[in-house]
Amino acid sequence: MARLVGAVGLASAVGIPGIAFYILAYRLGFNLEVQPATLDSNWWAVPVLVLAAFKNGFLEEVLVVGFLLTRLRQLRVNPWVALGMSALLRGSYHLYQGPGQAVGNMLMGLVFGYAWLRWRRIWPLIIAHTLMDVVSFVGYSAFTDWFTSLLG
């Protein structure tokens, strides 16, 4: 239960400011506009988006945090340098979303990497990442008009 509470707290701590950062970066021209998935009449649209969110969370956290930071520690890389390298990698593969998203994902990488260094538990990171992606994928699609009004 404590891991779930930690995951929800982590998702909130990163996700809520992340939405504000996205809106600000978009208005300043540093982000591309998010293209929402269509939640049409297919019954399977939401479950597929939730599974995609889990896939993203699982793969990114296991590889970019768990695996990379563990291997860098085994190579005796300073933990703060390793944390920076992991965050830089995370940000770099989000550049296709625009520089604002790359910076936002680097910041997320710093927070998630620090949580990994403290907790040595990957599941809270996977759950937090999945929750943020579910809100992004399903929430954005469900509230497109409201969110678009925030973008101006």
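Student: What makes the crossing of H2 and H3 left-handed or right-handed?
Tutor: A crossing is left-handed if the near helix is turned anticlockwise from the far one by less than a right angle, and right-handed if clockwise. H2 passes H3 in a right-handed crossing. This is a predicted model, in which local features need pLDDT of at least 70 and side-chain atom pairs count only at pLDDT 80 or more, while totals for chains, interfaces and linings use all residues. Residues are numbered from 1 along each chain as its sequence is written, and side-chain values use heavy atoms, with hydrogens and water left out.

Student: What makes H2 and H3 helices here, and which residues do they span?
Tutor: Helices are DSSP runs of H or I with at least four residues, numbered from the N terminus. H2 covers residues 45-74 and H3 covers residues 79-92.

Student: How do you know whether H2 and H3 are roughly parallel or roughly antiparallel?
Tutor: Their axes come within 10 Å and cross at roughly 150 degrees. The axes are lines fitted to C-alpha atoms over the stretch in contact, and angles run from 0 to 180 degrees between N-to-C directions. Angles under 35 degrees count as roughly parallel, over 145 as roughly antiparallel, 65 to 115 as roughly perpendicular and the rest as oblique. H2 and H3 are therefore roughly antiparallel.

Student: Which residues of H2 and H3 meet?
Tutor: Contact means heavy atoms within 4.5 Å. Among the residues in contact are Val 64, Leu 68 and Leu 72 in H2, and Leu 83, Met 85 and Arg 90 in H3. By class, this contact has 9 nonpolar, 1 polar and 3 charged residues. Ala, Val, Leu, Ile, Met, Phe, Trp, Tyr, Cys and Pro count as nonpolar, Asp, Glu, Lys and Arg as charged, and the others, Gly among them, as polar.

Student: How are H4 and H5 placed, parallel or antiparallel?
Tutor: The axes of H4 and H5 come within 10 Å and cross at roughly 155 degrees. H4 and H5 are therefore roughly antiparallel. The contact includes Phe 112 and Trp 116 of H4 and Leu 125 and His 129 of H5. It has 9 nonpolar, 1 polar and no charged residues.

Student: Is Arg 76 called buried or exposed?
Tutor: Buried means under 20% relative accessible area, exposed over 50%, and partly exposed in between, with a 1.4 Å probe and protein chains only. Arg 76 has 74% relative accessibility and therefore counts as exposed. Arg 76 is found in the loop between H2 and H3, and its phi is near 65 degrees, a positive value in a residue other than glycine.

Student: What makes Arg 120 partly exposed?
Tutor: Its relative accessible area is 33%. Arg 120 is in the loop between H4 (99-119) and H5 (123-142).

Student: Why is Asn 56 called buried?
Tutor: Its relative accessibility is 19%, so Asn 56 counts as buried. Asn 56 lies in H2 and touches His 129, Asp 133 and Phe 137, not counting residues up to four places away in sequence.

Student: What makes a set of residues a nonpolar core, and how many residues has the largest one?
Tutor: A nonpolar core is a set of buried Ala, Val, Leu, Ile, Met, Phe, Trp, Tyr and Cys residues joined through side-chain atoms within 4.5 Å. The largest has 17 residues, and those with the most contacts inside it are Leu 10, Phe 112 and Leu 125. H1 (2-27), H2, H4 and H5 each supply at least two residues of this core.
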